Amino acid sequence: MKKWDGHTHTEFCPHGSGDLVETMIEKAIGLGFTDYSITEHPPMPAAFEREIANSPEDVATAALRWDQLDAYFKKAHEMKQKYKDQIRIHVGLEVDFLPGFEADTRALLREYGSQMDDGVLSLHFMPGVGGWRFIDFSATDFEAGIWKHYGSFAAIQKAYYGIIRESLFADLGPAKPRRLGHISLCQKFQHYFKNEQTAVTGAARDQVSQLLKEVKDQQYQLDWNTAGLYKEFCQETYPPLDIAQVAQSFGIELIYGSDSHALGDIGRGYNYYEKHQ
């Protein structure tokens, strides 16, 4: 029986723990995983970075540098070979969807797509106060950069899921990942806003239901990402269980993703995922 972690990171990740990918893979083997996807954050276009309103120091924590990308792929393929008799290693990227910068992403995937056999397509930035803003940096940053720009959680959800839909149909070339990452990441800080309705209900729920129908039509997978269970202000998976169940009812394949950035993250929430399959 396949036991697959479809979303993990490595010591190359600047916002990770620095734990070695070898030790993370060995833990996954010990936990009985048969498949393991290494999906690191690739560098972003310099022109996009200039449009991010967060500080350069914060931006530098988001993804690999350009001078690390070849070393990352070399290490990932070494791991694939080293552990081939114990676990199937899949090598790819967690590609950021950057509206307006699709040509840059196509160029990235054109150059490195031949080294990829898996990947995740995620959204980590939205237009906000002063330019593009992180969705998931911190609760206070989300409030200052995103919430103050849109004025309500309902408005954030409408914009966010609109961009997720855009990513589904974006032309990023043949190496475009076919699995959407943590599609409810805009909920990461939902419990920080104690006096506002933040759940995915009403118009947002209708929007998500339509999105899921299109995900099915386009034959994409979804990352069922357990990291949110362990975030103070989220306390649920991405997507949450009720939305995951709608996706299941449509026949969409949901791939467990630990989103591990540290050794201790490997396998987290797998029992929850397994229970609700």
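Predicted model: local features only at pLDDT ≥ 70, side-chain atom pairs only at ≥ 80, totals over all residues.
Strand β3 spans residues 88-96 and is mostly covered. Of its 9 residues, 8 are buried. Strand β2 (residues 35-40) runs parallel to β3, and 6 bridges join the two. In this pairing, Glu 40 stands opposite Leu 93 of β3. Strand β4 (residues 118-122) also runs parallel to β3, through 5 bridges. Here Asp 96 stands opposite Ser 122 of β4. Between β3 and β4 the chain passes through helix α5 (residues 102-112). This β-α-β crossover is right-handed.

The structure contains 11 salt bridges. One of them pairs Arg 179 with Asp 118, with the closest N and O atoms 2.8 Å apart. Arg 179 belongs to strand β7 (residues 179-180) and Asp 118 to strand β4, so this pair ties together parts that are 61 residues apart in sequence. Both Arg 179 and Asp 118 are buried.

A further salt bridge links the side chains of Arg 133 and Asp 141, at 3.0 Å from N to O. Arg 133 is buried, with 11% relative accessibility. Asp 141 is buried too, with a relative accessible area of 12%. Arg 268 and Asp 265 likewise meet through their side chains in a salt bridge, at 3.4 Å from N to O. Arg 268 and Asp 265 are both buried.

Glu 214 is located in helix α8 (residues 202-217). Its relative accessible area is 11%, so Glu 214 counts as buried. The side chain of Glu 214 makes a polar contact of 2.8 Å with the side chain of Arg 165. With neighbours within four places in sequence left aside, Glu 214 is in contact with Arg 165, Leu 168 and Phe 169.

A search of the whole structure for disulfides returned 0. For Cys 186, the closest cysteine sulfur is that of Cys 234. For Cys 234, the closest is in turn that of Cys 186. The two sulfur atoms lie 9.5 Å apart, which is too far for a bond. The cut-off for a disulfide is 2.5 Å between the sulfur atoms.

Key. Residues numbered from 1 in each chain as written. Heavy atoms only, no water. Buried < 20%, exposed > 50% of the residue type's maximum accessible area, 1.4 Å probe, protein only. Helix = DSSP H or I, 4+ residues; strand = E, 2+ residues; numbered from the N terminus. Pairing = 2+ DSSP bridges. Right-handed = clockwise from strand over helix to strand, strands pointing away. Polar contact = N/O pair within 3.5 Å; in protein donor to acceptor, adjacent residues only side chain to side chain. Contact = heavy atoms within 4.5 Å. Salt bridge = Lys/Arg side-chain N within 4 Å of Asp/Glu carboxyl O.
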